[in-house]
Amino acid sequence: MTNKNNLLAGELERLGISRRTFLKFCTSIGSVMALSPAQAAVMAEKLVTVKRQSVIWLSFQECTGCTESITRSHKPSLESLIFDFVSLDYHHTLQAASGHAAEQAREQAMHDNQGKYILIVDGSIPIKDDGVYSTIAGMTNLDMLQQVAKDAAAIVAVGSCATFGGLPKASPNPTGAVSVSDIVHDKPIINIPGCPPIPVVMTGVLAHVLTFGIPELDSMGRPKAFYGDSIHDRCYRRPYYDRGQFAKSFDDEGARKGWCLYELGCKGPITHNACATVKWNNGTSFPIQSGHGCLGCSEPDFWDAGGFYKALSTGTNSPGQWATAALAAGAAAGLASAYLNKSSKADAEKDHQPVTLEDMGGKS
Amino acid sequence: MNEIELLNWARGPGLAYATAIMFFGLSIRVIEILSLGRPEELAEVRDSGVRDGWLMILKRSLPEVRHWKYITASYIFHIGLLVVIFFFIPHTHLFRDVFGIFWGGWPNYIIDFFTVLSIAGMLYTLVARFYDPARRILSKMSDYLAWLVTFLPLVTGYMAFHRLGLDYTTMLAVHILSVELLMIAIPISKLTHVVTFTMARWYTGSNQGRRGVRS
Ligand code: SF4
């Protein structure tokens, strides 16, 4: 018989969380993920009976922001319950063990839960020069990812580094940083981009994986429930955009009136994430609400897509310089061709031999 | 390549190459034309031709009663196109970025109105070109292509703004790419008239003036 302590039901009991509160939690996660109330109830039913899931969390070239995001809520929230409930068998920052003991824990978890554990990755993987730029316990990130991914049931790539290569991949990408999906091709991979991702998005996806399996993903492997709409689609400043009312600086009248931040570089129109609906810090606010444009952190290469404070309609690499250089080069080429035209005309005139009547056999 | 990479390419290398090709091509063409000079006047020159040059620029820009429908449609689409290109707020930021000058834009509903007008005007000119026997005979493939590369940015821009068709990121990328196609076509097709129309008119007018024909 399954030990109740191994089920979420046991954890709920231990924490003194009532069934009603738990149901409310599931409904709220469900509504964020656009599940129907019936599905949310099913999720609740299923969650209480799922077994403690083994999770191995690998951190590669990253800043620990993703871990901070998921663990640093002001008070222990119901959202973090799922995270507390999983059996986090390996995580550099959070585990007590270190050195050989830590690596042993990883190997043990891989062995005990072969084919069943979930692998969470944050950080990009450097592959240049045989991956020497980031190693853990003498093993390159590349080797460790391949080794752990081999027997994982599914992989969750958390944060823009693991999903798209992230800041380490920014031009000129000195370490040859790549994403998880650039390396692993034979496992289901769920991408949860963001720099960092929203905590409830991470826990919501985990809850979905534990109950219904892999959620529906978009073409970039992101769960549609959270990344289906753009920030702009759900932005409360959208009416100002539609009317063409834009703040011109961060402290002009438009900014104070809460007008659209497009001209100040907002990348909301091309950024898919749930910030505008779920928000941050327990639903307090999100960048645009605090008066700053969206940086587009949940989209690939956002760091190389031109200035953060330049409008989306501008070019990413100084077309002005190209225009000036091209004008000058065109002028030089035009003059050269004019000279050639002139000289071939002069040559033609010089070589011109008039035909006389005599030439034509007539009498002069 | 995903849609963001496509957009980043269009905003980055694509825009840079198209800008370079357009300015390079236009400056070669203008300088070459200027270097051709005038043929030697064999008769006595009667006038400097300056006045008639300017008059011709103006005159050829005025509407005519003849073919008034076609000319009106053509007017509408030219004016609409200019308004949309130079006064849609996101476009003004691009110009500020490239040329360093900013003239502010017009509200979206005005731009929207002119976009629809331009699209309608262009469609009319296409239909007229096709159904009028004389125009049809005179039209070559290159005329239809010139029409198409001008039409595409208008339609894709309209669709991107109204979130029609493909997802916004892809639509925006397609719009920018279609503009780049137009930029490349400008120096190598009859669309060079965006800069040479004044030169050509001035030349015709002043030539006539020098020979004593009033514009
Ligand atoms: S602030 Fe950004 S996301 Fe919001 S409406 Fe303006 S451009 Fe769109």
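User: How do S3(A) and strand S7 of chain A pair, and over how many bridges?

Analyst: Two strands count as paired if DSSP finds at least two bridges between them. In this predicted model, S3(A) and S7(A), the latter spanning residues 154–158, run in the parallel sense and share five bridges. To find your way in, look at A:Ile118, whose bridge partner in S7(A) is A:Ala154. Strands here are DSSP runs of E with at least two residues, helices are runs of H or I with at least four, and both are numbered from the N terminus.

User: Which residue stands opposite A:Val121?

Analyst: That is A:Leu58. Strand S1 of chain A, residues 54–59, also pairs with S3(A) in the parallel sense, over five bridges.

User: Why is S3(A) described as largely enclosed?

Analyst: Burial is read from relative accessible area: under 20% is buried, over 50% is exposed, and anything in between is partly exposed, using a 1.4 Å probe and protein chains only. Five of the five residues of S3(A), residues 118–122, are buried, so the strand is largely enclosed by the rest of the structure. Both faces are covered, with A:Ile118, A:Ile120 and A:Asp122 on one side and A:Leu119 and A:Val121 on the other.

User: Happy with that! Now, what should I know about phi and peptide bonds?

Analyst: Most residues other than glycine have a negative phi, and most peptide bonds are trans. Let's look at some exceptions.

User: Where are the cis peptide bonds at A:Pro172 and A:Pro196?

Analyst: One joins A:Ser171 and A:Pro172, with omega about 10°; A:Pro172 lies in the loop between helix H8 (159–164) and strand S8 (177–178) of chain A. Another runs from A:Cys195 to A:Pro196, with omega near 0°, and A:Pro196 sits in the loop between strand S9 (189–192) and helix H10 (199–211) of chain A.

User: And what is phi at A:Lys279 and at A:Asp301?

Analyst: Phi is positive in both: near 65° at A:Lys279 and near 55° at A:Asp301. The loop between helix H15 (275–278) and helix H16 (319–351) of chain A holds A:Lys279, and A:Asp301 is found in the loop between H15 and H16 too. A:Lys279 counts as partly exposed because its relative accessibility is 23%, while A:Asp301, at 14%, is buried.

Note on methods
Residues numbered from 1 in each chain as written. Chains lettered and ligands numbered in written order. Predicted model: local features only at pLDDT ≥ 70, side-chain atom pairs only at ≥ 80, totals over all residues. Heavy atoms only, no water.
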